[in-house]
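Here are my notes on the structure, as numbered points. Please read them with the sequence and the model side by side.

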Amino acid sequence: YAVTSGKGGVGKSSVTANLAAAMAAQGLNVGVVDADIYGFSIPRMLGVDHVPTQLDGMIVPPVSHGVKVISIGMFVGEHQPVVWRGPMLHRAVQQFLTDVFWGDLDVLLIDMPPGTGDVAISIAQLLPNSEILVVTTPQVAAAEVAERAGSIAAQTNQKVIGVVENMSFLPQPDGSRLEIFGAGGGESVSARLTAQLGYDVPLLAQVPLDIALREGGDRGEPVSVASGPAAEVLTSLGATLASTNRGLAGRPLGVSPIQH
């Protein structure tokens, strides 16, 4: 799953990290590729504090919260910026996919950079069967840009699996919802992508604002393996994505050779 959006700040990395931890807690073998080369944040959010090791020419990814993780942040200094042109971005993503020993994964989550540029094109080329999970906020301006990120699927022949509306509302003590960033962004993206792509693109989840979600990201302890309103939604989303149909690779077909 390529977790994407048209702009930054909508919570792609938070959704990716927490979704990965939730799916791993449900017993799946999960990997995360931090494809946001310029704005990497997955190592902190998943609490990865050591570099990968090498074995027989392959990179062995660190494991945190049961999730295998790779990020350019593991190879550069703490405050060192990455200043690369497009071909270098493509090569980095290619190495993350081909030179890392992932083992037998059930799910690979890709934390995408904002927009529809080099990395989005590279992922479509390198993982043509990958599916897109669009993240937006309820705000109209964010939803319009997120819709463009999903529309790339029509050109890359990928499938948009659904939409996640992050920062959806702030739960109040009386049970009501305070819609700080407005309402309807996720539903709008879902409806418009369904119309554009010609198949159902559901709104899969509405993740509420939750202080624990932010604190967990800063500490490297995903809230999805704890408790709270955001944790419940993200755990449910993980179960939904884990139950979608998979390909036949690596699965027994239940056939036997005919003896003559």
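1. S71 sits in strand β6, which spans residues 67–71. This is a predicted model, and in it S71 is buried, because its relative accessible area is 0%. Setting aside neighbours within four places in sequence, the contacts of S71 are D34, F40, P43 and F96. A polar side-chain atom of S71 also lies 3.0 Å from the backbone nitrogen of G73.

2. How far is S71 from E147 in sequence and in space? The two are 76 residues apart along the chain, and their C-alpha atoms are 26 Å apart. E147 is taken up again in the next point, as a salt-bridge partner.

3. The structure holds three salt bridges. One of them joins R192 and E147, with 3.7 Å between the closest N and O atoms. Are the two partners buried or exposed? E147 counts as buried, since its relative accessibility is 14% and the cut-off for buried is under 20%. R192 is partly exposed, with a relative accessible area of 47%.

4. Another salt bridge pairs the side chains of D218 and R214, at 3.0 Å from N to O. Both residues are in helix α8, and because they are four residues apart, about one helical turn separates them. D218 is partly exposed at 42% relative accessibility.

5. E221 and R219 form a further salt bridge, their closest N and O atoms being 3.2 Å apart. E221 is partly exposed, with a relative accessibility of 42%.

6. Helix α8 covers residues 211–219, and its buried residues are L213, G216 and G217. Why do these three lie on the same side of α8? They cover an arc of only 100° around the axis, and therefore share that side. The packing partners of the buried residues are α1 (12–25), α2 (42–45) and α9 (229–242).

7. Both ends of α8 deserve a look. At the start of the helix, a side-chain oxygen of D210 comes to within 3.0 Å of the backbone nitrogen of A212. Just after the helix, G220 has a positive phi of about 80°.

8. Which residues have a positive phi although they are not glycine? D56 is one of them, with a phi of about 55°, and H65 is another, also with a phi of about 55°. D56 is in the loop between β3 (53–55) and β4 (58–60), whereas H65 is in the loop between β5 (63–64) and β6. D56 counts as exposed, because its relative accessibility is 77% and the cut-off for exposed is over 50%. H65 is partly exposed at 35%. Please check the backbone at both positions.

9. L178, I180 and F181 make a nonpolar surface patch of about 260 Å². I180 counts as partly exposed, with 48% relative accessibility.

Conventions. Residues are numbered from 1 along each chain as its sequence is written. This is a predicted model: local features need pLDDT of at least 70, side-chain atom pairs count only at pLDDT 80 or more; totals for chains, interfaces and linings use all residues. Side-chain values use heavy atoms; hydrogens and water are left out. Buried means under 20% relative accessible area, exposed over 50%, partly exposed in between (1.4 Å probe, protein chains only). Helices (H or I, at least four residues) and strands (E, at least two) are DSSP runs, numbered from the N terminus. The arc is that of the directions from the helix axis to the C-beta atoms. Contact means heavy atoms within 4.5 Å. A polar contact is a pair of N or O atoms within 3.5 Å; within protein, one must be able to donate a hydrogen and the other to accept it, and residues adjacent in sequence count only if both atoms are side-chain atoms. Patches are made of residues with over 30% relative accessible area and no salt bridge: like charges are joined within 9 Å, nonpolar side chains (Val, Leu, Ile, Met, Phe, Trp, Tyr) within 5 Å. Accessible areas come from the Shrake-Rupley method with a 1.4 Å probe; for residues, only the protein chains shown count as cover. A salt bridge is a side-chain nitrogen of Lys or Arg within 4 Å of a carboxyl oxygen of Asp or Glu.
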